[in-house]
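Let's take a walk through this model, one region after another. Have the sequence and the coordinates open as you read.

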Amino acid sequence: MAEGTVVVFGGDGFCGWPTSLHLSRAGYDVVIVDNFSRRRIEAELSASSLTPIRSLDERLATWKALTGRTIDFRQLDASTDFDAIRDVLSEFRPLACVHFAEQRAAPYSMKSAACKRYTVNNNLNATNNILAAIVEVDRNIQCVHLGTMGVYGYGALGGVVPEGYFNIKVPLPNGTYVDREILYPPDPGSIYHMTKTQDALFFQFYAKNDKLKITDLHQGIVWGTQTPETVLDESLINRFDYDGDYGTVLNRFLMQAAVGYPLTVHGTGGQTRAFIHIRDTVNCVRRAIESPPEAGDRVRIINQMTETHRIRDLAALVQKLTGADVENIPNPRNEAEENELTVSNPNFQALGVSATTLEHGLLEEITAIARLYRDRADFSKIPCASYWTPERARIAREHFDKIAAE
């Protein structure tokens, strides 16, 4: 059994909750820190999880009753409550902090000026506050951050995406060159992704200036809902977001198929994305905690993904599995309609995570969950209602007006 305390910032969310349970079951003393912002946004959007999510108090009580293990909880806002963060770290003296305390949806971040401002204020201040608190309390506390593959962008450039770093030759005035290693040039496609690129600069500074031990997990799109811990009782069930703002694409397709709604493919569906199952996410976080970088090391960047797929190929896979119809609709995002994505991830492979791939059995498992809770689905929340530009919104409006007229 593992030993030591881990503080999970954002431990009530889609990735944070199953990670907290996984770490607790592994033997760590877990402290969840959360301000319930995801639950408030759910109320704001009137778009609930397809699966019923109990209060955190009930979740934690159920976990203790089933396993005998206590998970502590502190309610605070990581973006504003610096003193409270410092107090939590001083009280528990964790070996690691896991940082999930960020608004995670690209569509929500592009929904309005208010959503853009909230995403920037919340995400950047939370990251800086956590790092600054570690400096004040104990620089030996490792920070494991959940980032995104989206920092690299999804343009049509091609080539192999490295794990964070890129070698270049810098020309000197005398005509010679000096080798330099830099962060791979970012190309964020939304305000959310932009905040993750700024996170990367925070990490570089704190690792250089304060010798903090930092691991940045550039994660692919998460699919799946359950882990071995969340299936133990319905009170522990994980989120299953299907709405246009928070629903990840494969989960959204499987839910749409389960309720008889056409699979909504944006644009041509030629966008290639990286994917990872939620089970692999929690395993990777634990293994990152258990193999920390040394103080003074550069930021360890891990491309946390197991496979890549084109969106139209995913739709075809779900269609074959379920018989669902496929509908191409205007792409709300301002991005290339077609792109390649080849990813290098030796650091991820070195963690020894046994990759969960898109096997039919697991897809059927998710579809079964969607069918079980299909009565909770609100069809009006399925289409994406966030558009990157007024032009994208106009094209979509004309498309849907034409369909309505027919």
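## A serine in a loop

Helices (H or I, at least four residues) and strands (E, at least two) are DSSP runs here, numbered from the N terminus. With that naming, Ser-79 sits in the loop that runs between S3 and helix H4 (82–92). Keep in mind that this is a predicted model.

Is Ser-79 buried or exposed? Its relative accessible area is 12%, and the cut-off for buried is under 20%, so Ser-79 counts as buried. Its side chain makes a polar contact with the side chain of Asp-77, at 2.6 Å. Leaving aside residues up to four places away in sequence, Ser-79 touches Asn-121, Asn-122, Asn-125, Ala-126 and Asn-129.

## The sheet

Now for the strands. Seven of them form an open sheet with parallel pairing, in the order S3-S2-S1-S4-S5-S9-S13. The edges belong to strand S3 (72–75) and strand S13 (300–304); each has a single partner strand, so one side of each has no neighbour in the sheet. From one strand to the next, the twist averages 20 degrees.

Val-7 has Val-31 in S2 as its bridge partner. Elsewhere, helix H7 (residues 191–210) packs on the sheet and touches strand S5 (142–148) and strand S9 (214–219). The direction of H7 makes about 155 degrees with that of S5.

## A covered helix

How many residues of helix H8 (residues 249–258) are buried? Ten of its ten, so this helix is mostly covered. The buried residues include Phe-253, Leu-254 and Met-255, and also Asn-251, Arg-252 and Gln-256.

What do those buried residues pack against? Their partners are strand S10 (221–223), strand S11 (263–266), strand S12 (272–277), helix H10 (311–322) and helix H12 (360–372). After H8 comes Gly-260, with a positive phi near 80 degrees.

## Salt bridges

Side chains of opposite charge can pair when their charged atoms come close. The structure holds 27 salt bridges. In one of them, the side chains of Arg-239 and Glu-42 meet at 2.6 Å, N to O. Arg-239 is in the loop between S10 and H8, while Glu-42 is in helix H2 (residues 37–45), so the pair ties together parts that are 197 residues apart in sequence. Arg-239 is buried at a relative accessible area of 3%, and Glu-42 counts as buried too, at 18%. Both belong to a network of salt bridges that links Arg-38, Glu-42, Arg-104, Arg-239 and Asp-241.

Arg-54 is worth a look as well. Its side chain meets that of Glu-58 in a salt bridge of 2.8 Å, N to O, and that of Glu-234 in a salt bridge of 3.1 Å, N to O. Arg-54 lies in the loop between H2 and helix H3 (56–67) and Glu-234 in the loop between S10 and H8, so this second pair ties together parts 180 residues apart in sequence. As for accessibility, Arg-54 is partly exposed at 24%, Glu-58 counts as partly exposed at 33%, and Glu-234 is partly exposed at 37%.

Note on methods
Residues numbered from 1 in each chain as written. Predicted model: local features only at pLDDT ≥ 70, side-chain atom pairs only at ≥ 80, totals over all residues. Heavy atoms only, no water. Pairing = 2+ DSSP bridges. Axes fitted to C-alpha atoms, helices over the stretch in contact; angles between N-to-C directions. Contact = heavy atoms within 4.5 Å. Buried < 20%, exposed > 50% of the residue type's maximum accessible area, 1.4 Å probe, protein only. Polar contact = N/O pair within 3.5 Å; in protein donor to acceptor, adjacent residues only side chain to side chain. Salt bridge = Lys/Arg side-chain N within 4 Å of Asp/Glu carboxyl O.
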